Amino acid sequence: MKVLVPDDLGVKILDESADIEPVRYAPGDPWPSDHLDATTVVVGYESAAAVGARFVELPNLRLVQTLNAGYDQWLPLLPDGVMLSNGRGAHGGSSAEWVVAVLLAIYRDLQLFNDQQDQGVWRAKSTETLIGKRVVVLGAGDLAVNLASRLTPFDTEVTLVGRRARPGVHPVTDLDDLLPTADVVVAMLPAHDSTYHIIDAGFLAKLRDGAVVVNVGRGGAVDTEALLAELTSGRLRAALDVTEPEPLPADHPLWSAPGLVLTPHVAGSTTGAWERAWAIAREQIEVYVAGDRPPNLVAGPGAPQD
């Protein structure tokens, strides 16, 4: 089966499968003219509008496979009858690792001790600890499950919250009861009308003083102005890997907000990240080649309805 891929690493990894013929394309250029009969296209995170606009030029296209867990930007570009499978499983571990890292940095006051190191000051103090913290995670997918598995050894109490109740997952309607006792709220949500500004002023007001708000999903989940008000007052703390807007303008007040750890959308940017992403993509495509539904199918014919 002919598969259009956006980089040389993809060609190398997919070429290891006997039933897949990978063909390199450049996201900013037309499709290779001799390969318009391709049935599958693998896409990255960037250039969605440019690449998606050309899907209609592939009459045999049946599957679009992403290299990222996030796929919302591809939904409006997906032609009728074409399946969309995402990269769930590739970046969940590294994103969860980032959450653990920033929580430890906040609770163990690592920035303070780093500043003292720069000043040549030896001054001990007691800090908070992650032990015993109650963590509410908005999201119940791969990222959330990975986070729960990494936080549990720290003797934390982790509660996953999804759209609907199921074993091990609270419904979003339980948030009013969960928030007042939460020490940490972690947003690991996709972009969607139902998740936009879910963390707003009313949400934040329900949190106890000193609580930590973490966003490692999509920037739109957090009302930036509402969070800034809480940070400026000193009542809450936060860690953001994603923001609204993004990239963050140089003069944006988030840069200097007190009590904030801020990183530029790098939670999943680690060594081996793309190798893991391509391994997931190859697995999905091989299942499709064998005549079955890709396990990560999120849209199009046969996609699960939720």
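In which strand does Leu262 lie? In this predicted model, Leu262 belongs to strand β12. Its relative accessibility is 23%, so Leu262 counts as partly exposed. Leaving aside residues up to four places away in sequence, Leu262 touches Leu240, Thr243, Leu248, Leu254 and Trp255. Leu262 and Leu175 are 87 residues apart in sequence, and their C-alpha atoms are 25 Å apart in space.

## Annotated domain

According to an unreviewed UniProt entry, residues 101-267 carry the annotation "domain: D-isomer specific 2-hydroxyacid dehydrogenase NAD-binding".

## Nonpolar cores

The largest nonpolar core comprises 29 residues, and Leu138, Phe203, Leu204 and Leu207 have the most contacts inside it. Two or more residues of this core come from each of β6 (134-138), α6 (175-178), β9 (184-187), α7 (201-205), α8 (224-233) and β11 (237-240). Helix α8 gives the most to this core, with four residues. Beyond four places in sequence, Leu204 is in contact with Ile199, Val213, Ala226, Leu227, Glu230, Arg235 and Leu236. Another core, of 27 residues, lies apart from the largest one and includes Ala96, Leu147, Ala239 and Ala267.

Helix α5 spans residues 142-151, and its buried residues are Leu143, Ala144, Asn146, Leu147, Ala148 and Leu151. Among the elements that cover these buried residues are α3, β6, β7 (157-162) and β9.

## Pocket and cavity

The second largest pocket holds about 330 Å³ of space. It is lined by 13 residues, of which Ala105, Ile106, Gln111, Leu112 and Val261 are the closest to its centre. The elements giving two or more residues to the lining of this pocket are α3 (92-107), α4 (110-119), β11 and β12 (260-262). Helix α4 supplies the largest share of that lining, five residues. By class, the lining of the second largest pocket has seven nonpolar, three polar and three charged residues.

How many cavities of 30 Å³ or more does the count give? The count comes to one cavity of 30 Å³ or more. The volume of the largest cavity is about 50 Å³. Its lining consists of Asn215, Gly219, Val222, Thr224, Leu227, Leu240, Val242, Thr243, Glu244 and Leu254. Five of these lining residues are nonpolar, four are polar and one is charged.

Leu4 is placed in strand β1, residues 2-5. Its relative accessibility is 0%, and Leu4 therefore counts as buried. Beyond four places in sequence, Leu4 touches Val23, Tyr25, Trp31, Pro32, His35, Ala38, Thr40, Val41, Val42 and Leu58. Leu4 and His35 are 31 residues apart along the chain, with their C-alpha atoms separated by 8.2 Å.

Is His91 buried or exposed? Its relative accessibility is 11%, and the cut-off for a buried residue is under 20%, so His91 counts as buried. His91 lies in the loop between β5 (83-85) and α3. Its contacts beyond four places in sequence are Leu67, Asn68, Ala69, Gly268, Ala273 and Ala277.

## Backbone geometry

Most residues other than glycine have a negative phi, and most peptide bonds are trans. The table lists backbone features that depart from these patterns.

| Site | Feature | Angle |
|---|---|---|
| Glu244 and Pro245 | cis peptide bond | omega about 5 degrees |
| Glu246 to Pro247 | cis peptide bond | omega near 0 degrees |
| Asp109 | positive phi | phi near 55 degrees |
| His265 | positive phi | phi near 55 degrees |

Pro245 is located in the loop between β11 and β12, and Pro247 is also placed in the loop between β11 and β12. Glu244, which a cis peptide bond joins to Pro245, is among the residues lining the largest cavity.

Asp109 is found in the loop between α3 and α4. With a relative accessible area of 24%, Asp109 is partly exposed. His265 occupies the loop between β12 and α9 (273-289). Its relative accessible area is 30%, so His265 is partly exposed.

Notes: Residues are numbered from 1 along each chain as its sequence is written. This is a predicted model: local features need pLDDT of at least 70, side-chain atom pairs count only at pLDDT 80 or more; totals for chains, interfaces and linings use all residues. Side-chain values use heavy atoms; hydrogens and water are left out. UniProt positions are given in the numbering used here, feature names are shortened, and annotations may be inferred rather than shown by experiment. A nonpolar core is a set of buried Ala, Val, Leu, Ile, Met, Phe, Trp, Tyr and Cys residues joined through side-chain atoms within 4.5 Å. Buried means under 20% relative accessible area, exposed over 50%, partly exposed in between (1.4 Å probe, protein chains only). Contact means heavy atoms within 4.5 Å. On a 1 Å grid over the protein atoms alone, a cavity is a set of points where a 1.4 Å probe fits but cannot get out, and a pocket is an open set with protein on both sides within 12 Å along at least five of seven lines; lining residues have an atom within 4 Å of a point. Grid points are joined across faces, edges and corners, and a volume is the space filled by probe spheres set on the points. Ala, Val, Leu, Ile, Met, Phe, Trp, Tyr, Cys and Pro count as nonpolar, Asp, Glu, Lys and Arg as charged, and the others, Gly among them, as polar.
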